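Here is a friendly walk through one model, with the sequence and the 3D view to hand. Take a look at both, and then we can follow a few residues together.

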Amino acid sequence: MEKYPKQKPAEVVMPVCDLPDLLKGQKAIVTGSSSGIGKGVAIALAKAGADVVINYAGSKERAEEVAQEVSAIGRQALVIKADVSQEDQVQAMFKETVEKFGTVDIVINNAGLQKDSCFADMTIDQWNKVIGINLTGQFLCSREAIREFLRRGIRKEVSCAAGKIICMSSVHEMIPWSGHANYAASKGGVMLLMKSIAQEYASQRIRVNSICPGAIRTPINKEAWETPEAYEKLMNVIPYKRIGEPPDIGHTAVWLASDLADYINGTSIFVDGGMTLFPGFTTNG
Ligand code: NAD
């Protein structure tokens with residue numbers, strides 16, 4: 001027997017899953033859902049029975065395309081423009097959601113970006129932009145969500161929790177990232193923001209958790225997968241030997257938001273094909 005097994009699988013087989021109606025009757029907001037992971041999560045939530053707010057900051061057309069996909073599934077979609085780093089815009093988004101949907105049961109804090117730079121050259125604008133959207137944006141949306149969950153209490157007909165918040169963090173809440181200190185700091189901040197809110201409101205039956213994606217095929221990391229050479233290099237840090245796809249995160253979000261995960265609170269769930277398994281040690285380091 002070989003001491004270290006072969007590192008490349010013969011073929012990549014993608015999961016085939018039908019989503020059961022786990023979120024029937026629930027109302028969700030997914031921030032930054034006109035592309036990438038947010039889009040994948042919005043569609044997965046809709047397939048599981050939720051009506052979804054498609055929040056965007058940039059392209060209205062792409063947000064409306066996602067809304068059309070949600071409608072085609074048979075769920076309601078509401079397209080709302082809001083910059084998650086701006087308090088007044090976040091409050092207006094929640095107000096409109098409650099007016100049109102009646103309430104919100106699930107908030108997915110997904111909006112985020114990178115402004116990469118070596119640390120010595122990082123500008124205060126690059127720092128503030130990333131912290132403002134990735135961390136302050138999650139604070140603002142979580143605070144409005146908690147206020148609405150407390151106002152409304154448990155809706156027994158749809159869930160045994162009063163509300164669920166899912167923070168889109170990253171493997172970089174744990175793995176330091178040279179050249180991306182602002183991004184890694186924002187996700188490290190999200191981890192303790194998430195845990196502190198979870199601790200504070202657990203007794204009110206509000207659940208707050210994070211999903212920590214590894215490398216998922218989206219516009220944010222295009223240079224890491226768009227050429228065969230880049231993809232092959234990426235596989236060095238992914239033991240499962242395939243890139244993640246937005247539905248991988250969507251499926252996790254459905255389960256985590258559902259009552260199947262009712263006893264899960266204050267936890268980071270890593271969805272990374274093993275990226276956090278220290279892959280450099282696979283063949284003895
Ligand atoms: P993406 O660029 O496709 O999605 C980010 C979305 O956030 C975009 O739709 C963008 O318009 C939106 N956004 C940016 N600034 C905003 C603002 N101020 N207000 C509202 N929306 C705003 O990239 P993605 O990979 O889908 O990223 C989604 C989340 O997943 C981010 O938080 C990112 O940090 C996280 N993440 C992604 C990966 C990955 O490999 N793709 C890995 C770990 C974590």
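Let us start with the aromatic rings, where the count comes to one aromatic pair. Rings of Phe, Tyr and Trp (its six-membered ring) pair here if their centres lie within 6.5 Å, and planes under 30 degrees apart count as stacked, over 60 as edge-to-face and the rest as tilted. The pair is edge-to-face because the rings of Trp177 and Tyr183 have planes at 70°, with their centres 5.6 Å apart.

A word on the model itself: it is predicted, so local features need pLDDT of at least 70 and side-chain atom pairs count only at pLDDT 80 or more, while totals for chains, interfaces and linings use all residues. Residues are numbered from 1 along each chain as its sequence is written, and side-chain values use heavy atoms, with hydrogens and water left out.

How enclosed are the two ring partners, and how do some other residues compare? Buried means under 20% relative accessible area, exposed over 50%, and partly exposed in between (1.4 Å probe, protein chains only).

| Residue | Relative accessible area | Class |
|---|---|---|
| Trp177 | 28% | partly exposed |
| Tyr183 | 9% | buried |
| Gln114 | 19% | buried |
| Lys241 | 14% | buried |
| Leu277 | 63% | exposed |
| Phe278 | 57% | exposed |

**Around the ligand**

Tyr183 also belongs to the ligand's surroundings: 27 residues surround the ligand, and Ser35, Ile37, Asn110, Tyr183 and Thr218 are the closest. A residue is near a molecule if one of its heavy atoms lies within 4 Å of it. An N or O atom in the Tyr183 side chain is 2.6 Å from an oxygen atom of the ligand. Polar contacts of this kind are pairs of N or O atoms within 3.5 Å; within protein, one must be able to donate a hydrogen and the other to accept it, and residues adjacent in sequence count only if both atoms are side-chain atoms. Asp83 places a polar side-chain atom 2.8 Å from a ligand nitrogen atom, and a backbone N or O atom of Gly112 lies 3.5 Å from a ligand oxygen atom. The protein buries 90% of the 820 Å² that the ligand exposes when taken alone; such areas come from the Shrake-Rupley method with a 1.4 Å probe, and for residues only the protein chains shown count as cover.

Which residues does Gln114 touch, leaving aside its neighbours within four places in sequence? They are Val130, Trp177, His180, Tyr183 and Ile220, where contact means heavy atoms within 4.5 Å. Gln114 sits in the loop between β4 (106-109) and α4, and its side chain makes a polar contact of 3.1 Å with that of Asp116. Helices (H or I, at least four residues) and strands (E, at least two) are DSSP runs, numbered from the N terminus.

Helix α5 (residues 181-201) has buried residues that include Tyr183, Ser186 and Met194. Their cover includes α4 (124-152), β5 (163-168), β6 (206-213) and β7 (268-271). In α1, ten of the twelve residues are buried, so this helix is largely enclosed by the rest of the structure. Just after α1, Gly49 takes a positive phi of about 105°.

**Two backbone angles**

Most residues other than glycine have a negative phi. Lys241, in the loop between α6 (228-234) and α7 (246-257), has a positive phi near 60°. Phe278, in the segment after β7, has a positive phi near 50°.
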